[in-house]
Amino acid sequence: MPNALARGSKGKTVSTLQARLRELGYDADGEFGPATEAAVIAFQELHGLLPDGKVGPLTWEALKEGVPAVTVKPPPGLEVDRSLRLTLAGGYVQEAHPKDLIVLHHTAGGSASSTVKWWQDTKEPIATAYVLERDGTIFEVFDPRHWAYHLGLKGAGGRVDRRSVGIEIASEGGLTEADGALYTFDSIRPSHRFDKKDAYDHGTTWRGYRHFARYTPAQIEAVALLVDHLCATFHIPRRTPKNHLDFDKALWDYQGIVGHQPVRSDKSDVHPGFDWERLRQKCALTLD
Ligand SMILES: [Zn+2]
């Protein structure tokens with residue numbers, strides 16, 4: 001094993017490194033200068049490695065099986081925050097897989113960072129590649145070509161998880177009504193009281209709830225930008241079912257964009273207040 005390569009390194013191993021980076025779609029020409037260093041850092045960030053720009057044993061190892069760079073440039077306005085990353089120790093499965101499905105969830109929890117911390121602490125590869133904070137910040141917590149369990153489909157053996165990209169919207173989710181007030185997390189106490197003006201009223205009970213925490217406009221816009229970009233990157237069909245409220249097991253084989261709720265009869269994410277029409281327009285989705 002050679003010493004770690006870094007900016008200023010020369011020789012045959014640098015050429016080998018650059019050839020491999022180019023194979024994966026990164027831009028790395030000439031000597032180990034700023035361009036190669038930037039390519040190494042981009043590669044390390046995508047693989048959950050310390051992005052120090054130095055090519056030591058861990059980075060060499062990842063380069064061997066390395067998955068390609070994102071070759072589709074993010075559209076203007078799409079900013080992805082990679083400051084909250086899951087580590088490989090149980091966080092996700094580092095195995096690239098083609099994608100033909102996007103599944104939207106909500107966390108029924110606190111902030112994006114508390115959700116990511118929870119996933120990391122479980123030590124099992126249960127997560128989604130993206131978590132959207134209430135202010136619209138898009139956190140990419142692992143490379144979307146990799147995968148983690150996010151659907152909990154009994155008997156499916158992870159086959160749908162592997163081929164889908166999951167997006168979690170940070171939200172309290174279903175709200176409980178008691179004495180004319182709304183409460184979060186099925187808990188009737190003052191600290192869990194939820195402001196009615198931020199609630200969506202479905203008018204009738206659906207999956208155990210009538211009221212839900214409203215997704216913020218910033219989250220809806222962020223979902224639309226991200227879905228659009230993921231469809232372009234992975235060639236995911238731009239289509240979505242007409243009916244988002246009822247369970248349909250046939251959707252386990254669907255290619256397009258769905259919520260968690262039609263593939264699981266016991267889930268209430270995403271809730272009926274999700275603005276599917278906005279998503280349809282922004283991403284040019286057809287209805288099935
Ligand atoms: Zn879910």
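How many Å apart do the C-alpha centres of domain 1 and domain 3 lie? They lie 50 Å apart. Before going on, note that this is a predicted model, in which local features need pLDDT of at least 70, side-chain atom pairs count only at pLDDT 80 or more, and totals for chains, interfaces and linings use all residues. Residues are numbered from 1 along each chain as its sequence is written.

Here's how the domains are laid out; their bounds come from an automatic or database domain assignment.

| Domain | Residues |
|---|---|
| domain 1 | 12-65 |
| domain 2 | 80-171 + 215-287 |
| domain 3 | 174-213 |

Now for the overall build. The C-alpha trace spans about 75 × 40 × 40 Å along its principal axes. The radius of gyration is 21 Å, which agrees with the value near 19 Å that a compact globule of 288 residues would have; it is taken over C-alpha atoms, and the globule rule is 2.2 Å times the number of residues to the power 0.38. You'll find 7 helices and 13 strands in the chain, counted as DSSP runs (H or I, at least four residues, for helices; E, at least two, for strands) and numbered from the N terminus.

What about the inside? Of the 288 residues, 35% count as buried, meaning that 20 or more other C-beta atoms, placed from the backbone, lie within 10 Å of a residue's own. A nonpolar core is a set of buried Ala, Val, Leu, Ile, Met, Phe, Trp, Tyr and Cys residues joined through C-beta atoms within 7 Å. The largest one has 44 residues, and Ile102, Leu132, Ile167, Val223 and Leu226 touch the most other members. Several elements supply at least two residues each, including strand S2 (101-106), helix H4 (112-122) and strand S5 (164-169). Helix H6 gives the largest share, 8 residues. Apart from this core lies another, of 11 residues, with Leu17, Leu21, Tyr26 and Ala39 among them.

Take a closer look at Leu226. Setting aside neighbours within four places in sequence, Leu226 is in contact with Leu78, Tyr130, Ile138 and Ile167; a contact has C-beta atoms, placed from the backbone, within 7 Å.

Finally, there's an open sheet of 5 antiparallel strands in the order S8-S7-S6-S10-S9, where strands pair if DSSP finds at least two bridges between them. Strand S8 (193-194) and strand S9 (199-206) are the edges, each pairing on one side only. Strand S6 (residues 174-178) is joined to strand S10 (residues 209-213) by 2 bridges, and Leu175 stands opposite His211 in S10.

Methods
Buried ≥ 20, exposed ≤ 12 C-beta atoms within 10 Å, placed from the backbone. Contact = placed C-beta atoms within 7 Å.
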